Amino acid sequence: MTGKPLDGIVVVALEQAVAAPYCSSRLADAGARVIKIERPEGDFARGYDSAVFGESSYFIWINRGKESIALDLKREPDKAQLRSLIAAADVFIQNLAPGAAGRLGFDAAALRAAHPRLITCDISGYGESGPLHQLKAYDLLVQAESGLVAVSGAPGPWGRIGVSICDITAGMNALIGIQQALLHRKRTGVGSGIQVSLFDSAAELMAVPYLQARYGGSAPERVGLKHPSIAPYGAFTCADGRELVLSIQNEREWANFCISFMLQPELATEPRFVNNTVRTSNRVELEALIQAVFSELNHAAAVDRLTEAQTAFGAINSVYDLISHPQLRTRAMQVNGRSVQIPATPYVTEWDDKTFPPAPRVNDHQNLPGGVTQPVVRSA
């Protein structure tokens, strides 16, 4: 197969941090030309760390394959340049502070009125309306505000989810919206306005705890590696001190587990454990019985029995274990003249490249031949 699905699509991204850059990077992966608009000092995510040969791990991860132009949008010539770029673009993405794009003269509705085929995507913290829509919002704040923190981790002090899950999910949702808008435009010839917020994205992730609390009468508690609604589900320690996580999803799996791992087939029909509802209610007794068996088996023996029982299980790995994990797919990318390995896209396509293109330096493409100062051609 030759070519990529978004070849010829031009995206102008007035973006910073994680959510919008995540979205536009995936558009670039699919062949779109992504023109990243940065402040003169650059996207502040460039300064989050310097872990990868002096460059920010955040920045190189979600800015590969883009063009960079630095504009001071307080200056009219720079505004005019951005207006010219948008006029020739298929998609305009922005995730500035609430209301900032409008105050600068880049209101999404006005842009679409001027350019009817344009697709706009506004990414915000709390949406375009409501009592909190003017609040700044960063990932941890939205984790806390949405209740994600309240259902995550173990009892005790609060803890954040260890990755920027609200930013990433918002970026994914923006990507979905833009792709749908491109299909809609193909059919109708008209662009669309997409609005995505971190809070809405987090709230959608919280749908099950929300429904349980609102209609079931109780919200799930923080239970660490256990599952609030399923048992057995969690970590158990082998005789040699190594830990494994297992998960039983249905009664067939439970019966197989009792027969082949526990070697106690009668547990499958024991009244305290006969179905998931009662197993969850009797979790303490259930886990004690399971742990007693794990305590008699070393890691290798436990894995053999779990495999025989066709029980889903996994290791509790460190980040360093992930680096050497046999299932990890990576792609090479050049950073300051050195090759680094980055996790591959989580989907495999016929148009995948063998390597990732590098992330741009600030203003790399302002005056280069074929750069963003050259005319861009809107797709058909």
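Aromatic pairs and a buried serine

Ring pairs join F236, W254, F257, F261 and F294 into a cluster.

Reader: What kind of model is this, and how are residues numbered?

Author: This is a predicted model, in which local features need pLDDT of at least 70 and side-chain atom pairs count only at pLDDT 80 or more, while totals for chains, interfaces and linings use all residues. Residues are numbered from 1 along each chain as its sequence is written, and side-chain values use heavy atoms, with hydrogens and water left out.

Reader: When do rings pair, and how many aromatic pairs does the whole structure have?

Author: Rings of Phe, Tyr and Trp (its six-membered ring) pair if their centres lie within 6.5 Å; planes under 30 degrees apart are stacked, over 60 edge-to-face, and the rest tilted. A search of the whole structure gives eight aromatic pairs.

Reader: Why is the pair of Y22 and W61 called edge-to-face?

Author: The ring planes of Y22 and W61 stand at 70 degrees, with centres 5.8 Å apart, so the pair is edge-to-face. Helices (H or I, at least four residues) and strands (E, at least two) are DSSP runs, numbered from the N terminus. This pair links distant parts of the chain, 39 residues apart: Y22 is in helix α1 (residues 19-29) and W61 in helix α2 (residues 57-62).

Reader: Is Y22 buried or exposed?

Author: Buried means under 20% relative accessible area, exposed over 50%, and partly exposed in between (1.4 Å probe, protein chains only). Y22 has 6%, so Y22 is buried. W61, at 25%, counts as partly exposed.

Reader: What is the geometry of the pair formed by Y126 and F199?

Author: Y126 and F199 are tilted, with 35 degrees between the planes and 5.6 Å centre to centre. Y126 lies in the loop between β5 (119-124) and α6 (139-146), and F199 in helix α8 (residues 198-205), so the pair ties together parts 73 residues apart in sequence. Y126 is buried at 11%, whereas F199 is partly exposed at 28%.

Reader: Where is S56 found, and what does S56 touch?

Author: S56 is in the loop between β2 (33-38) and α2. Its relative accessible area is 1%, so S56 is buried. Contact means heavy atoms within 4.5 Å. Not counting residues up to four places away in sequence, S56 touches A45, R46, Y48, D49 and S50.

Reader: Which backbone atom does the side chain of S56 reach?

Author: The side chain of S56 reaches the backbone nitrogen of Y58 at 3.3 Å.

Note on methods
A polar contact is a pair of N or O atoms within 3.5 Å; within protein, one must be able to donate a hydrogen and the other to accept it, and residues adjacent in sequence count only if both atoms are side-chain atoms.
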